[in-house]
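Subject: Model for your attention

Dear colleague,

I am handing over the structure below, together with notes on what was found in it. Please read the notes with the model open beside them.

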Amino acid sequence: MTRQCLFCPNPVDSAEHIGSDWILEDLKQSVDIKITIGKSGSIWIDSPEVLIKCVCKTCNNGWMSELENANKFPIHAMINNEPCGLTKRDQNKLARWAVMKAMVLDSCNPARRPFYVEAERENLKSSSIVPARTLVWIGQFSAKGFHFGGTDIWGEIEKIAKASHGCVTSMDIGHLVMQVLSVHVISQFAQQNVNIGCRMGDWRNSLLDIFPVTDSLRWPPNVTFT
Ligand SMILES: [Zn+2]
């Protein structure tokens, strides 16, 4: 059976680099080639050269490539540890890029169905809408690395176990650390405001919130990950 593109009804006929070509250039000598597919529910990728076959050429060469290009400047700076300012508009674009990568990574775990549903993927593509109940943070890593990872988490709401299901995607690209958290809740809580923040301790100082966007900010944050 021909698989359908993650973002549209076309058949899959293209592969997306988990680390884009221009990121590969930036990281050239600094990474090992290693892939780890973890236990059910988790997936980790340690190579920027991994290609994930999950999209069509129209998407890959169209809106996905435009989104890459729109974010090249700040991502290139942060990968190389150059301080940079991010306007609200920059943060919005960067968050959409991070969610796009999270969706691609999410699709390649053979152990489970993708977390992001078709409507969420389609909305990101067609209307630039980030899924509801999504948070995106960025930070600074002291060494230059490459690592993409995804993990599922479940939470309790009003004493109902597993009432929320979250997908956490972590990305270390050069000196840039990004984290995306998206949460789905069971239907009885769908209309409610659910607190999905889960940062504790030093994470408050080491990560900057870029989505939902609040104000312009400067990278790096006060505290660096080591
Ligand atoms: Zn497509």
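The notes below go from the overall picture to the core, the helices, the hairpin and the backbone details.

This is a predicted model, in which local features need pLDDT of at least 70 and side-chain atom pairs count only at pLDDT 80 or more, while totals for chains, interfaces and linings use all residues. Residues are numbered from 1 along each chain as its sequence is written.

Overall picture

The mean pLDDT of the chain (pLDDT being the predictor's confidence in each residue, from 0 to 100) is 87, and 88% of the residues reach 70 or more. Over residues 32-40, however, pLDDT stays under 50, and for this stretch the model has 16 contacts beyond four places in sequence; two residues are in contact if their C-beta atoms, placed from the backbone, lie within 7 Å. Where pLDDT is low, the predicted coordinates should not be read in detail.

The chain has six helices and nine strands, taken as DSSP runs numbered from the N terminus (helices are H or I, at least four residues; strands are E, at least two). Of its 226 residues, 34% count as buried, where buried means that 20 or more other C-beta atoms lie within 10 Å of the residue's own, exposed means 12 or fewer, and partly exposed lies in between, with C-beta atoms placed from the backbone. Among the contacts with a separation of 6 or more, 69% are between residues 24 or more positions apart.

The core and H4

The largest nonpolar core holds 49 residues, of which Ala 98, Val 99 and Val 136 touch the most other members; such a core is a set of buried Ala, Val, Leu, Ile, Met, Phe, Trp, Tyr and Cys residues joined through C-beta atoms within 7 Å. At least two residues of this core come from each of strand S4 (51-55), helix H3 (63-79), helix H4 (88-106), strand S6 (134-157), strand S7 (160-185) and strand S8 (208-211). Once its neighbours within four places in sequence are left aside, Ala 98 is in contact with Val 136, Met 171, Met 178 and Val 180.

H4 is mostly covered, with 15 of its 19 residues buried. At 1.5 Å a residue (times one less than the number of residues), H4 should span 27 Å, and its end C-alpha atoms are 26 Å apart, which agrees. Asp 90 lies in this helix and counts as buried, with 20 C-beta neighbours inside 10 Å. Asp 90 and Asn 71 are 19 residues apart in sequence, and their C-alpha atoms are 7.7 Å apart in space.

Helix H5

In H5 (118-127), Arg 121, Leu 124 and Lys 125 are buried. Seen down the axis of H5, the buried residues fall within an arc of 90°, so they line one face of the helix; the arc is that of the directions from the helix axis to the C-beta atoms. These buried residues pack against helix H2 (57-61), H3 and H4, whereas the face turned away carries the exposed residues Ala 119, Ser 126 and Ser 127. Ser 126 has 11 C-beta neighbours inside 10 Å, and its C-alpha atom is separated by 8.8 Å from that of Trp 63, 63 residues away along the chain.

The S6 and S7 hairpin

S6 and S7 pair in the antiparallel sense over 19 bridges, a pair of strands being counted if DSSP finds at least two bridges between them. They form a hairpin with two residues between them, and Glu 158 in the turn has a positive phi of about 45°. Trp 154 stands opposite His 165 in S7.

Backbone details to check

Most residues other than glycine have a negative phi, and most peptide bonds are trans. Arg 133, in the loop between H5 and S6, has a positive phi near 55° and is partly exposed, with 15 other C-beta atoms within 10 Å. Lys 162 in strand S7 has a positive phi of about 55° and counts as exposed, with 10 C-beta neighbours inside 10 Å. Just after H5, Ser 128 takes a positive phi of about 55°.

A cis peptide bond joins Phe 211 and Pro 212, with omega about -5°, and Pro 212 lies in the loop between S8 and strand S9 (217-219). The peptide bond from Trp 219 to Pro 220 is also cis, with omega near 5°, and Pro 220 is placed in the segment after S9.

With best wishes
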